Amino acid sequence: MKKIVVILSGAITFLVLTCNIASAFWVWTPKENTFVNPKYAAKDTPEEQFDWAMKFYKEGDFKRAADEFVRLTASYKDSDLAPEAQYYAGKSFEELGKYYFAYQNYQKTIENYPYTERMEEIVSKEYIIAGIFQNKEEPKLMDLELSLSLERAIEIYKKVVQNSPFGPYADKALFEMASCYRRSSKYSEAIDAYEKIINDHPDSSLNDEAKYEVAYTMYEASKDPEYDQENTEEALEKFERIVKTTAIPAIQEEADSMLKELKAKKARSDFGVASFYEKQKQYKSAIIYYKDIVKKYPGTSAADEAKLRIDVLKGRVK
């Protein structure tokens, strides 16, 4: 049985809706211009509401705490306590293991209250949350990761950079973001992120590693038949530059190894072009390509084969 009760109080009329009498009821409040259930209404002042929410937080009831902190930001968004309430809503969700909700509330703190003193702390927390999503295991289909978590990691790393473009986490976030892009086979985006470290953070401890990763990402992309072969040439140039200029022995060794592998791959690709001309009996063109292989890629098996083909074709050229 439902009842509608009209209560007169001065010049203000309150409609009280009750359901089966004993259940919760809703009250129309002019302040909110809507029906409110007193059980879930904000306290009379932001201070009372904040203390009420903090009570649940300290008791470890983080779900109720999150609700109450959010309620403060909704009812008293201009209060001096609103930024802190928004921040603690994020902390409550983080305690619950609801990391995306935590990120969203932390980000709202920055966007709605850019003057917050929690900026550096929030950026740090967002960086950690992005890492949680980045490292989360996801199912694969034909060796490709089907990862909403990777997408969320990228989204949050981007915000870390936007929130503090030259802060202590910016270069780290860019580096990890690039790694996520690579895992998603988004090579161009990965290269852009690595190059942003090189260009915007020249003094970063990740700078040399970023240069290596740019070249390696180009090499990785070159395995894709749809990838522009010009980028393979660029990867070769970058590895050569790293080998000559890096001061980090481990990176130099890795770059040298990748350089040899990429040269062998490119030599074999060019050998295929030379072979095509040979089969078409265009021996002069074939010899030109074979000689180019010998010159550019000495020490590769393709260069050794090219020398043999040159000797054979010389007698066929008129």
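These legends walk through several close-up views of a predicted model. Residue numbers start from 1 along each chain as its sequence is written, and side-chain values rest on heavy atoms, with hydrogens and water left out. Because the model is predicted, local features need pLDDT of at least 70 and side-chain atom pairs count only at pLDDT 80 or more, while totals for chains, interfaces and linings use all residues.

**View 1. Tyr87 pairs with Tyr88 and with Tyr106.** The whole structure holds 19 aromatic pairs. Tyr87 and Tyr88 make an edge-to-face pair, at 5.3 Å centre to centre and with 80 degrees between the planes. Tyr87 also forms a tilted pair with Tyr106, at 5.8 Å and 45 degrees. Here, rings of Phe, Tyr and Trp (its six-membered ring) pair if their centres lie within 6.5 Å; planes under 30 degrees apart are stacked, over 60 edge-to-face, and the rest tilted. Tyr87 belongs to helix α3 (residues 82-95) and Tyr106 to helix α4 (residues 99-112), so their pair ties together parts that are 19 residues apart in sequence. Helices are DSSP runs (H or I, at least four residues), numbered from the N terminus. Tyr87 is buried at 0% relative accessibility, Tyr106 is buried at 0%, and Tyr88 is buried at 15%. Buried means under 20% relative accessible area, exposed over 50%, and partly exposed in between (1.4 Å probe, protein chains only). One aromatic cluster takes in Phe50, Tyr57, Phe62, Phe69, Tyr87, Tyr88 and Tyr106.

**View 2. Two charged side chains lie over aromatic rings.** The charged end of Lys172 sits over the ring of Tyr169, 6.0 Å from its centre. Arg268 lies over the face of Phe271, 5.3 Å from the ring centre. For such a contact, NZ of Lys or CZ of Arg must be within 6 Å of the ring centre and within 35 degrees of the ring normal.

**View 3. Helix α7 is mostly covered.** Of its 14 residues, 10 are buried, among them Leu174, Phe175, Met177 and Tyr181. The end C-alpha atoms of α7 (residues 170-183) are 20 Å apart, which agrees with the 20 Å that it should span at 1.5 Å a residue. That expected span is 1.5 Å times one less than the number of residues.

View 4. The whole structure has 15 salt bridges, each a side-chain nitrogen of Lys or Arg within 4 Å of a carboxyl oxygen of Asp or Glu. In one of them, Glu111 meets Lys159, with the closest N and O atoms 3.7 Å apart. This pair links distant parts of the chain, with Glu111 in helix α4 and Lys159 in helix α6 (residues 148-163), 48 residues apart. Glu111 is partly exposed at 47% relative accessibility, and Lys159 is partly exposed at 23%. Arg118 and Glu121 also form a salt bridge, at 2.9 Å from N to O.

View 5. An α-helix has 3.6 residues a turn, so residues three or four places apart point the same way. Asp292 is partly exposed at 27% relative accessibility, and Lys296 is partly exposed at 40%.

Technical notes
Helix = DSSP H or I, 4+ residues; strand = E, 2+ residues; numbered from the N terminus.
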